[in-house]
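Look at the structure first, then read the points below.

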Amino acid sequence: MTNALDDAPALADLLRLSRKRTRAALTAFTPGPAAHLDDPRAQRAVLAAKFVADYRDSCVLPVGAAKPSGGPAKLTAVAGASTTSTVTTNNARRVLAITAAGAPSASSASAPAPPSGPAAIGAGSSSMALIPAPSTAGAAPRAGALAPLGAQRDVPRPQWHAPWKLMRVISGHTGWVRAVAVDVSNEWFVTGGGDRLIKLWDLASGTLKLTLTGHIACVRGLAVSDRHPYMFSAAEDKTVKCWDLETNKAIRQYHGHLSGVYALALHPTIDILATGGRDSTVRVWDMRSKHQAHVLNGHTSTVGAILMQSSEYQLITGSHDSTVKLWDLRMGKCKATLTHHKKSVRALAMHPTESTFASGSPDNIKQWVLRREDPGADFPACRLVQNFAGHEGMVNALAVNDEGVMFSGGDNGSMRFWDWRTGHCFQKGHAQVQPGSLDSEAGVFAATFDRSGSRLITCEADKSIKIWREDPRATPESHPVVWQPELKRSRY
(Lines give C-alpha, C1' and ligand atoms only; values in the text may rest on other atoms or scores of the structure.)
Protein backbone atom coordinates (compact mmCIF):
# COMPACT_ATOMS: atom_id res chain seq x y z
CA MET A 1 0.00 0.00 0.00
CA THR A 2 1.49 3.37 -1.07
CA ASN A 3 1.77 6.26 1.42
CA ALA A 4 0.22 9.62 0.34
CA LEU A 5 3.27 11.50 1.58
CA ASP A 6 5.48 9.70 -0.93
CA ASP A 7 3.51 11.21 -3.87
CA ALA A 8 3.75 14.84 -2.55
CA PRO A 9 6.23 17.18 -4.33
CA ALA A 10 9.55 18.05 -2.70
CA LEU A 11 9.83 21.09 -0.44
CA ALA A 12 12.37 22.80 -2.72
CA ASP A 13 10.03 22.55 -5.70
CA LEU A 14 7.21 24.06 -3.64
CA LEU A 15 9.37 27.03 -2.62
CA ARG A 16 10.47 27.68 -6.22
CA LEU A 17 6.88 27.59 -7.41
CA SER A 18 5.85 29.97 -4.62
CA ARG A 19 8.52 32.50 -5.62
CA LYS A 20 7.40 32.40 -9.27
CA ARG A 21 3.79 33.02 -8.33
CA THR A 22 4.73 35.87 -5.98
CA ARG A 23 6.86 37.54 -8.66
CA ALA A 24 4.08 37.21 -11.23
CA ALA A 25 1.57 38.74 -8.83
CA LEU A 26 3.83 41.70 -8.00
CA THR A 27 4.63 42.33 -11.66
CA ALA A 28 0.96 42.51 -12.55
CA PHE A 29 0.25 45.30 -10.05
CA THR A 30 3.60 47.20 -10.24
CA PRO A 31 4.39 49.74 -13.00
CA GLY A 32 7.27 48.86 -15.29
CA PRO A 33 10.69 50.58 -15.68
CA ALA A 34 9.31 53.07 -18.20
CA ALA A 35 7.00 54.45 -15.54
CA HIS A 36 9.94 55.06 -13.22
CA LEU A 37 11.83 56.99 -15.88
CA ASP A 38 9.02 59.50 -16.12
CA ASP A 39 9.37 60.35 -12.44
CA PRO A 40 11.83 63.28 -11.83
CA ARG A 41 13.00 61.67 -8.62
CA ALA A 42 13.87 58.44 -10.44
CA GLN A 43 15.75 60.32 -13.13
CA ARG A 44 17.71 62.23 -10.52
CA ALA A 45 18.53 59.03 -8.64
CA VAL A 46 19.79 57.30 -11.79
CA LEU A 47 21.95 60.30 -12.70
CA ALA A 48 23.36 60.53 -9.18
CA ALA A 49 24.20 56.83 -9.13
CA LYS A 50 26.06 57.08 -12.44
CA PHE A 51 27.90 60.18 -11.27
CA VAL A 52 29.11 58.49 -8.08
CA ALA A 53 30.07 55.24 -9.84
CA ASP A 54 32.03 56.86 -12.68
CA TYR A 55 33.73 59.80 -10.95
CA ARG A 56 34.23 58.56 -7.41
CA ASP A 57 38.05 58.74 -7.50
CA SER A 58 38.85 61.40 -10.10
CA CYS A 59 36.21 64.07 -10.31
CA VAL A 60 36.32 67.38 -8.44
CA LEU A 61 33.04 68.87 -7.39
CA PRO A 62 32.33 72.14 -9.20
CA VAL A 63 33.07 75.39 -7.42
CA GLY A 64 29.81 77.03 -6.39
CA ALA A 65 28.73 79.23 -9.23
CA ALA A 66 25.09 78.35 -9.85
CA LYS A 67 22.03 78.62 -7.64
CA PRO A 68 20.25 75.36 -6.79
CA SER A 69 16.88 74.94 -8.40
CA GLY A 70 15.31 73.79 -5.14
CA GLY A 71 16.32 76.78 -3.02
CA PRO A 72 18.56 76.82 0.08
CA ALA A 73 16.24 74.46 2.00
CA LYS A 74 17.32 71.56 -0.22
CA LEU A 75 21.05 71.97 0.59
CA THR A 76 20.92 71.73 4.36
CA ALA A 77 22.82 68.46 4.25
CA VAL A 78 25.81 70.06 2.50
CA ALA A 79 25.77 73.58 3.91
CA GLY A 80 29.21 73.46 5.48
CA ALA A 81 30.91 71.19 2.98
CA SER A 82 34.10 72.16 1.18
CA THR A 83 33.58 72.74 -2.52
CA THR A 84 37.08 71.72 -3.59
CA SER A 85 37.31 68.28 -1.95
CA THR A 86 37.62 65.20 -4.12
CA VAL A 87 34.56 62.97 -4.51
CA THR A 88 34.89 60.27 -1.88
CA THR A 89 32.34 58.23 0.04
CA ASN A 90 31.26 61.28 2.03
CA ASN A 91 30.67 63.28 -1.14
CA ALA A 92 28.69 60.38 -2.55
CA ARG A 93 26.45 60.53 0.48
CA ARG A 94 25.99 64.28 -0.07
CA VAL A 95 24.93 63.67 -3.66
CA LEU A 96 22.44 61.07 -2.50
CA ALA A 97 21.17 63.55 0.07
CA ILE A 98 20.44 65.99 -2.76
CA THR A 99 18.68 63.21 -4.61
CA ALA A 100 16.49 62.45 -1.58
CA ALA A 101 15.40 66.08 -1.47
CA GLY A 102 13.28 65.46 -4.57
CA ALA A 103 11.81 67.85 -7.08
CA PRO A 104 11.16 71.47 -6.07
CA SER A 105 7.78 72.17 -4.56
CA ALA A 106 5.68 75.30 -4.47
CA SER A 107 6.72 76.10 -0.92
CA SER A 108 10.40 75.80 -1.73
CA ALA A 109 10.02 77.92 -4.84
CA SER A 110 8.68 80.76 -2.75
CA ALA A 111 11.55 80.55 -0.26
CA PRO A 112 13.72 83.65 0.14
CA ALA A 113 16.85 83.92 -2.01
CA PRO A 114 20.14 82.78 -0.44
CA PRO A 115 22.43 85.47 0.89
CA SER A 116 25.15 86.86 -1.37
CA GLY A 117 28.72 87.74 -0.57
CA PRO A 118 31.09 85.91 1.79
CA ALA A 119 28.24 84.76 4.00
CA ALA A 120 26.78 82.78 1.14
CA ILE A 121 29.61 80.23 1.28
CA GLY A 122 28.60 78.96 4.70
CA ALA A 123 24.89 79.32 4.06
CA GLY A 124 24.79 76.80 1.23
CA SER A 125 25.05 79.07 -1.81
CA SER A 126 27.75 76.82 -3.31
CA SER A 127 26.07 74.65 -5.87
CA MET A 128 26.40 70.91 -5.48
CA ALA A 129 24.38 70.24 -8.61
CA LEU A 130 25.63 67.57 -10.93
CA ILE A 131 25.48 69.88 -13.95
CA PRO A 132 26.04 73.49 -12.79
CA ALA A 133 24.28 76.29 -14.57
CA PRO A 134 26.54 78.20 -16.98
CA SER A 135 28.19 81.27 -15.55
CA THR A 136 29.89 84.14 -17.35
CA ALA A 137 32.14 84.93 -14.40
CA GLY A 138 35.60 83.40 -14.86
CA ALA A 139 36.55 81.30 -11.86
CA ALA A 140 40.19 81.05 -10.84
CA PRO A 141 41.70 77.68 -11.79
CA ARG A 142 42.38 75.30 -8.96
CA ALA A 143 45.87 74.04 -8.31
CA GLY A 144 46.38 70.61 -9.81
CA ALA A 145 43.02 70.54 -11.58
CA LEU A 146 42.85 69.49 -15.22
CA ALA A 147 42.09 72.39 -17.53
CA PRO A 148 40.00 72.05 -20.69
CA LEU A 149 41.87 71.20 -23.86
CA GLY A 150 43.70 74.30 -25.14
CA ALA A 151 42.79 76.47 -22.13
CA GLN A 152 46.36 76.81 -20.85
CA ARG A 153 48.28 76.36 -24.12
CA ASP A 154 49.70 79.36 -25.90
CA VAL A 155 49.55 78.26 -29.54
CA PRO A 156 49.99 81.35 -31.73
CA ARG A 157 48.02 81.56 -34.94
CA PRO A 158 50.11 81.90 -38.11
CA GLN A 159 50.29 85.26 -39.79
CA TRP A 160 48.61 85.46 -43.17
CA HIS A 161 50.99 85.65 -46.15
CA ALA A 162 50.09 86.03 -49.78
CA PRO A 163 50.98 83.06 -51.99
CA TRP A 164 54.07 83.35 -54.17
CA LYS A 165 53.86 83.01 -57.94
CA LEU A 166 56.40 82.70 -60.72
CA MET A 167 57.25 86.09 -62.18
CA ARG A 168 60.09 85.50 -64.65
CA VAL A 169 62.32 82.71 -65.98
CA ILE A 170 65.87 83.62 -67.01
CA SER A 171 68.02 81.37 -69.18
CA GLY A 172 71.68 81.86 -69.94
CA HIS A 173 73.78 79.33 -68.07
CA THR A 174 74.84 76.12 -69.76
CA GLY A 175 75.22 74.18 -66.50
CA TRP A 176 73.57 73.81 -63.13
CA VAL A 177 73.17 77.16 -61.39
CA ARG A 178 74.71 76.72 -57.93
CA ALA A 179 75.13 80.20 -56.36
CA VAL A 180 73.39 83.58 -56.24
CA ALA A 181 73.94 86.96 -54.54
CA VAL A 182 72.17 90.35 -54.70
CA ASP A 183 73.86 93.74 -54.77
CA VAL A 184 73.26 96.21 -51.95
CA SER A 185 71.65 98.66 -54.40
CA ASN A 186 69.05 96.01 -55.30
CA GLU A 187 69.54 96.78 -58.99
CA TRP A 188 71.38 93.65 -60.11
CA PHE A 189 72.25 90.17 -58.94
CA VAL A 190 74.95 87.67 -59.81
CA THR A 191 74.84 83.90 -60.39
CA GLY A 192 77.38 81.16 -60.88
CA GLY A 193 77.11 77.55 -61.93
CA GLY A 194 78.57 74.44 -63.42
CA ASP A 195 79.56 76.19 -66.65
CA ARG A 196 82.37 77.98 -64.66
CA LEU A 197 80.86 81.36 -65.56
CA ILE A 198 79.74 84.23 -63.34
CA LYS A 199 76.88 86.26 -64.82
CA LEU A 200 75.47 89.61 -63.71
CA TRP A 201 71.77 90.20 -64.38
CA ASP A 202 69.53 93.22 -64.20
CA LEU A 203 66.99 92.55 -61.45
CA ALA A 204 64.18 94.64 -62.95
CA SER A 205 64.29 93.36 -66.53
CA GLY A 206 66.21 90.08 -66.21
CA THR A 207 68.67 90.98 -68.97
CA LEU A 208 72.31 89.91 -68.93
CA LYS A 209 74.74 92.72 -68.12
CA LEU A 210 78.13 91.03 -67.74
CA THR A 211 79.85 87.64 -67.88
CA LEU A 212 83.06 86.96 -65.94
CA THR A 213 85.42 84.06 -66.62
CA GLY A 214 88.36 82.85 -64.60
CA HIS A 215 87.38 79.73 -62.65
CA ILE A 216 88.20 76.33 -64.09
CA ALA A 217 85.55 74.41 -62.12
CA CYS A 218 81.98 74.81 -60.89
CA VAL A 219 81.30 78.05 -59.02
CA ARG A 220 79.76 77.16 -55.63
CA GLY A 221 79.69 80.43 -53.65
CA LEU A 222 79.18 84.15 -54.33
CA ALA A 223 79.10 87.25 -52.12
CA VAL A 224 78.88 90.97 -52.89
CA SER A 225 80.38 93.45 -50.42
CA ASP A 226 78.08 96.12 -49.00
CA ARG A 227 80.92 98.56 -48.31
CA HIS A 228 83.35 98.00 -51.17
CA PRO A 229 83.03 97.57 -54.95
CA TYR A 230 84.16 93.98 -54.58
CA MET A 231 82.62 90.62 -55.35
CA PHE A 232 83.94 87.28 -54.10
CA SER A 233 83.56 83.87 -55.67
CA ALA A 234 84.43 80.35 -54.53
CA ALA A 235 84.70 77.33 -56.79
CA GLU A 236 85.56 73.66 -56.81
CA ASP A 237 89.00 74.51 -58.25
CA LYS A 238 90.19 75.19 -54.63
CA THR A 239 90.42 78.95 -55.25
CA VAL A 240 88.63 82.01 -53.94
CA LYS A 241 88.72 85.12 -56.12
CA CYS A 242 88.10 88.79 -55.42
CA TRP A 243 86.63 90.74 -58.33
CA ASP A 244 86.82 94.50 -58.77
CA LEU A 245 83.44 95.56 -60.14
CA GLU A 246 84.85 98.84 -61.45
CA THR A 247 87.32 97.14 -63.76
CA ASN A 248 85.52 93.75 -64.01
CA LYS A 249 88.75 91.89 -63.28
CA ALA A 250 89.98 89.49 -60.63
CA ILE A 251 92.41 91.40 -58.43
CA ARG A 252 93.09 88.87 -55.63
CA GLN A 253 93.17 85.11 -55.14
CA TYR A 254 93.08 83.34 -51.81
CA HIS A 255 94.97 80.03 -51.79
CA GLY A 256 94.93 77.56 -48.94
CA HIS A 257 92.09 75.10 -49.32
CA LEU A 258 93.11 71.55 -50.09
CA SER A 259 89.92 70.71 -51.97
CA GLY A 260 86.86 72.34 -53.49
CA VAL A 261 85.36 75.39 -51.77
CA TYR A 262 81.61 75.02 -51.23
CA ALA A 263 80.63 77.95 -48.99
CA LEU A 264 81.54 81.61 -48.70
CA ALA A 265 80.41 84.47 -46.42
CA LEU A 266 81.39 88.09 -45.76
CA HIS A 267 81.25 89.85 -42.43
CA PRO A 268 78.93 92.88 -42.71
CA THR A 269 81.15 95.29 -40.73
CA ILE A 270 84.67 93.82 -40.73
CA ASP A 271 86.94 93.28 -43.71
CA ILE A 272 87.14 89.51 -43.30
CA LEU A 273 86.04 86.63 -45.48
CA ALA A 274 85.19 83.07 -44.41
CA THR A 275 85.25 80.05 -46.69
CA GLY A 276 84.63 76.34 -46.19
CA GLY A 277 84.79 73.27 -48.35
CA ARG A 278 85.53 69.59 -48.78
CA ASP A 279 88.70 69.71 -46.68
CA SER A 280 86.44 70.03 -43.59
CA THR A 281 88.06 73.31 -42.55
CA VAL A 282 86.81 76.87 -42.28
CA ARG A 283 89.35 79.50 -43.25
CA VAL A 284 89.08 83.15 -42.24
CA TRP A 285 90.86 85.59 -44.55
CA ASP A 286 91.85 89.21 -44.36
CA MET A 287 90.07 90.71 -47.35
CA ARG A 288 92.83 93.13 -48.38
CA SER A 289 96.10 91.41 -47.46
CA LYS A 290 95.00 87.87 -48.40
CA HIS A 291 96.39 86.78 -45.04
CA GLN A 292 94.84 83.69 -43.47
CA ALA A 293 93.73 84.85 -40.02
CA HIS A 294 92.29 81.56 -38.71
CA VAL A 295 92.01 77.96 -39.76
CA LEU A 296 89.06 76.50 -37.87
CA ASN A 297 89.29 72.74 -37.49
CA GLY A 298 86.55 70.66 -35.91
CA HIS A 299 84.22 69.40 -38.58
CA THR A 300 84.70 65.85 -39.81
CA SER A 301 83.09 66.30 -43.21
CA THR A 302 82.41 68.88 -45.90
CA VAL A 303 81.45 72.37 -44.72
CA GLY A 304 78.35 73.24 -46.73
CA ALA A 305 77.10 76.56 -45.33
CA ILE A 306 78.51 79.60 -43.47
CA LEU A 307 76.80 82.52 -41.71
CA MET A 308 78.12 85.72 -40.15
CA GLN A 309 76.17 88.49 -38.42
CA SER A 310 77.10 92.09 -37.77
CA SER A 311 76.14 92.23 -34.09
CA GLU A 312 78.44 89.45 -32.88
CA TYR A 313 82.02 88.35 -33.44
CA GLN A 314 80.96 84.85 -34.27
CA LEU A 315 80.78 82.47 -37.19
CA ILE A 316 78.14 79.79 -37.75
CA THR A 317 78.92 76.79 -39.93
CA GLY A 318 76.89 73.79 -41.09
CA SER A 319 78.56 70.59 -42.20
CA HIS A 320 77.76 67.28 -43.79
CA ASP A 321 78.72 65.65 -40.48
CA SER A 322 75.20 66.69 -39.30
CA THR A 323 76.48 69.32 -36.85
CA VAL A 324 76.23 73.09 -36.59
CA LYS A 325 79.15 74.86 -34.91
CA LEU A 326 79.45 78.36 -33.46
CA TRP A 327 82.94 79.86 -33.58
CA ASP A 328 84.51 82.83 -31.80
CA LEU A 329 86.25 84.94 -34.44
CA ARG A 330 88.47 86.69 -31.89
CA MET A 331 89.88 83.51 -30.40
CA GLY A 332 89.48 81.21 -33.36
CA LYS A 333 87.84 78.53 -31.21
CA CYS A 334 84.59 76.61 -31.29
CA LYS A 335 82.20 77.80 -28.59
CA ALA A 336 79.27 75.45 -29.17
CA THR A 337 78.35 72.40 -31.23
CA LEU A 338 74.72 71.68 -32.06
CA THR A 339 74.10 67.98 -32.63
CA HIS A 340 70.31 68.03 -33.04
CA HIS A 341 70.35 67.13 -36.73
CA LYS A 342 70.61 63.52 -37.81
CA LYS A 343 71.73 64.14 -41.40
CA SER A 344 73.95 66.55 -43.30
CA VAL A 345 73.37 70.29 -42.88
CA ARG A 346 73.60 71.90 -46.31
CA ALA A 347 71.84 75.26 -45.80
CA LEU A 348 71.76 78.06 -43.24
CA ALA A 349 69.71 81.26 -43.23
CA MET A 350 69.80 84.24 -40.86
CA HIS A 351 66.79 86.43 -40.13
CA PRO A 352 67.44 90.00 -41.32
CA THR A 353 66.30 91.74 -38.11
CA GLU A 354 66.39 89.07 -35.38
CA SER A 355 69.11 87.08 -33.66
CA THR A 356 67.64 83.89 -35.04
CA PHE A 357 68.67 81.54 -37.81
CA ALA A 358 67.55 78.29 -39.42
CA SER A 359 69.46 75.18 -40.44
CA GLY A 360 68.27 72.82 -43.15
CA SER A 361 68.76 69.07 -43.27
CA PRO A 362 66.96 66.11 -44.88
CA ASP A 363 65.45 65.18 -41.50
CA ASN A 364 63.87 68.61 -40.84
CA ILE A 365 64.52 72.33 -40.65
CA LYS A 366 65.35 73.75 -37.22
CA GLN A 367 65.03 77.28 -35.93
CA TRP A 368 67.54 78.63 -33.39
CA VAL A 369 67.78 81.74 -31.25
CA LEU A 370 70.97 83.45 -30.06
CA ARG A 371 70.55 84.98 -26.62
CA ARG A 372 72.83 86.17 -23.85
CA GLU A 373 71.46 84.38 -20.81
CA ASP A 374 74.12 85.95 -18.59
CA PRO A 375 74.51 89.74 -19.00
CA GLY A 376 78.24 89.41 -18.38
CA ALA A 377 78.78 86.70 -20.98
CA ASP A 378 80.86 87.66 -23.99
CA PHE A 379 79.31 85.03 -26.25
CA PRO A 380 75.59 84.36 -26.82
CA ALA A 381 74.08 80.97 -26.13
CA CYS A 382 72.16 79.13 -28.83
CA ARG A 383 68.83 77.48 -28.08
CA LEU A 384 66.48 75.45 -30.25
CA VAL A 385 63.12 77.13 -30.85
CA GLN A 386 61.11 74.80 -33.07
CA ASN A 387 61.13 72.43 -36.02
CA PHE A 388 59.83 73.11 -39.50
CA ALA A 389 58.71 69.58 -40.31
CA GLY A 390 57.28 68.39 -43.59
CA HIS A 391 59.90 69.16 -46.25
CA GLU A 392 60.79 65.76 -47.63
CA GLY A 393 64.05 65.68 -49.47
CA MET A 394 67.52 67.13 -49.23
CA VAL A 395 67.24 70.82 -48.37
CA ASN A 396 69.81 72.73 -50.42
CA ALA A 397 68.56 76.30 -50.03
CA LEU A 398 67.07 78.47 -47.28
CA ALA A 399 66.11 82.13 -47.39
CA VAL A 400 64.28 84.43 -44.96
CA ASN A 401 62.92 87.95 -45.47
CA ASP A 402 61.98 90.61 -42.94
CA GLU A 403 58.25 89.91 -43.33
CA GLY A 404 58.56 86.54 -41.63
CA VAL A 405 58.54 84.33 -44.75
CA MET A 406 61.06 81.51 -45.07
CA PHE A 407 61.67 79.59 -48.28
CA SER A 408 63.19 76.13 -48.49
CA GLY A 409 64.14 74.32 -51.68
CA GLY A 410 65.15 70.71 -52.17
CA ASP A 411 67.14 68.71 -54.65
CA ASN A 412 63.95 66.94 -55.80
CA GLY A 413 62.36 70.24 -56.84
CA SER A 414 60.16 70.57 -53.75
CA MET A 415 59.50 74.12 -52.57
CA ARG A 416 58.02 75.21 -49.25
CA PHE A 417 57.04 78.61 -47.89
CA TRP A 418 56.90 78.86 -44.09
CA ASP A 419 55.71 81.33 -41.49
CA TRP A 420 58.85 82.17 -39.51
CA ARG A 421 57.09 82.73 -36.17
CA THR A 422 54.96 79.60 -35.96
CA GLY A 423 56.62 77.18 -38.40
CA HIS A 424 53.41 76.79 -40.41
CA CYS A 425 53.84 75.82 -44.07
CA PHE A 426 51.37 78.03 -45.91
CA GLN A 427 52.38 77.08 -49.47
CA LYS A 428 53.77 73.98 -51.13
CA GLY A 429 55.00 73.67 -54.69
CA HIS A 430 57.29 71.89 -57.09
CA ALA A 431 59.77 73.36 -59.53
CA GLN A 432 58.74 72.97 -63.16
CA VAL A 433 61.51 72.14 -65.59
CA GLN A 434 61.94 74.09 -68.77
CA PRO A 435 61.14 72.58 -72.19
CA GLY A 436 63.94 70.33 -73.31
CA SER A 437 65.05 69.38 -69.79
CA LEU A 438 64.59 66.07 -68.04
CA ASP A 439 62.10 65.67 -65.23
CA SER A 440 64.97 64.65 -62.95
CA GLU A 441 66.47 68.13 -63.38
CA ALA A 442 63.78 69.68 -61.19
CA GLY A 443 66.04 70.68 -58.32
CA VAL A 444 66.68 73.89 -56.36
CA PHE A 445 70.35 74.51 -55.51
CA ALA A 446 70.35 78.10 -54.20
CA ALA A 447 67.86 80.81 -53.28
CA THR A 448 67.84 84.31 -51.86
CA PHE A 449 65.46 87.22 -51.38
CA ASP A 450 66.29 90.60 -52.83
CA ARG A 451 67.09 93.51 -50.50
CA SER A 452 63.44 94.50 -50.23
CA GLY A 453 62.24 90.99 -49.49
CA SER A 454 59.52 91.21 -52.13
CA ARG A 455 61.19 89.03 -54.79
CA LEU A 456 62.69 85.58 -54.50
CA ILE A 457 65.47 84.31 -56.79
CA THR A 458 65.97 80.56 -57.16
CA CYS A 459 68.75 78.73 -59.00
CA GLU A 460 67.76 75.36 -60.37
CA ALA A 461 69.12 72.26 -62.00
CA ASP A 462 67.46 72.89 -65.37
CA LYS A 463 70.04 75.69 -65.96
CA SER A 464 67.43 78.39 -65.36
CA ILE A 465 66.97 81.21 -62.86
CA LYS A 466 63.46 81.89 -61.64
CA ILE A 467 62.14 85.04 -59.97
CA TRP A 468 59.08 84.79 -57.72
CA ARG A 469 56.88 87.41 -56.13
CA GLU A 470 53.73 87.55 -54.01
CA ASP A 471 50.38 87.46 -55.73
CA PRO A 472 49.12 91.09 -55.60
CA ARG A 473 45.48 90.01 -56.00
CA ALA A 474 45.49 87.54 -53.11
CA THR A 475 43.48 88.40 -49.98
CA PRO A 476 42.84 86.58 -46.69
CA GLU A 477 39.38 85.76 -48.01
CA SER A 478 40.56 84.28 -51.31
CA HIS A 479 43.49 82.39 -49.72
CA PRO A 480 42.60 81.73 -46.08
CA VAL A 481 45.06 80.25 -43.62
CA VAL A 482 44.53 76.48 -43.43
CA TRP A 483 45.96 75.75 -40.02
CA GLN A 484 45.37 73.18 -37.30
CA PRO A 485 47.42 73.46 -34.09
CA GLU A 486 49.35 70.45 -32.91
CA LEU A 487 48.61 69.14 -29.44
CA LYS A 488 52.28 68.53 -28.78
CA ARG A 489 55.18 70.17 -30.55
CA SER A 490 58.16 67.93 -31.08
CA ARG A 491 61.35 69.51 -29.81
CA TYR A 492 63.97 67.33 -31.49
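A salt bridge is a side-chain nitrogen of Lys or Arg within 4 Å of a carboxyl oxygen of Asp or Glu. By this rule the count comes to 14 salt bridges. The model is predicted: local features need pLDDT of at least 70, side-chain atom pairs count only at pLDDT 80 or more, and totals for chains, interfaces and linings use all residues. Residues are numbered from 1 along each chain as its sequence is written, and side-chain values use heavy atoms, leaving out hydrogens and water.

**Salt bridges**
- Glu312 pairs with Arg372, with the closest N and O atoms 2.6 Å apart.
- This pair links distant parts of the chain, 60 residues apart.
- Glu312 is buried at 16% relative accessible area (buried means under 20%, exposed over 50%, partly exposed in between; 1.4 Å probe, protein chains only).
- Arg372 is partly exposed at 35%.
- Asp279 and Arg283 form a salt bridge at 3.7 Å, N to O.
- Asp279 is buried at 15%, and Arg283 is buried at 8%.

**A buried arginine without a partner**
- Arg416 is buried yet has no salt bridge.
- Its nearest side chain of opposite charge, Glu392, is 6.2 Å away (Lys and Arg count as positive, Asp and Glu as negative; His and the chain ends are not counted).

**Open sheet**
- An open sheet has 4 strands in the order 18-19-20-21, with antiparallel pairing (strands are DSSP runs of E, at least two residues, numbered from the N terminus; two strands pair if DSSP finds at least two bridges between them).
- Strands 18 (347–350) and 21 (381–388) are at the edges, each with a single partner strand, so one side of each lacks a neighbour in the sheet.
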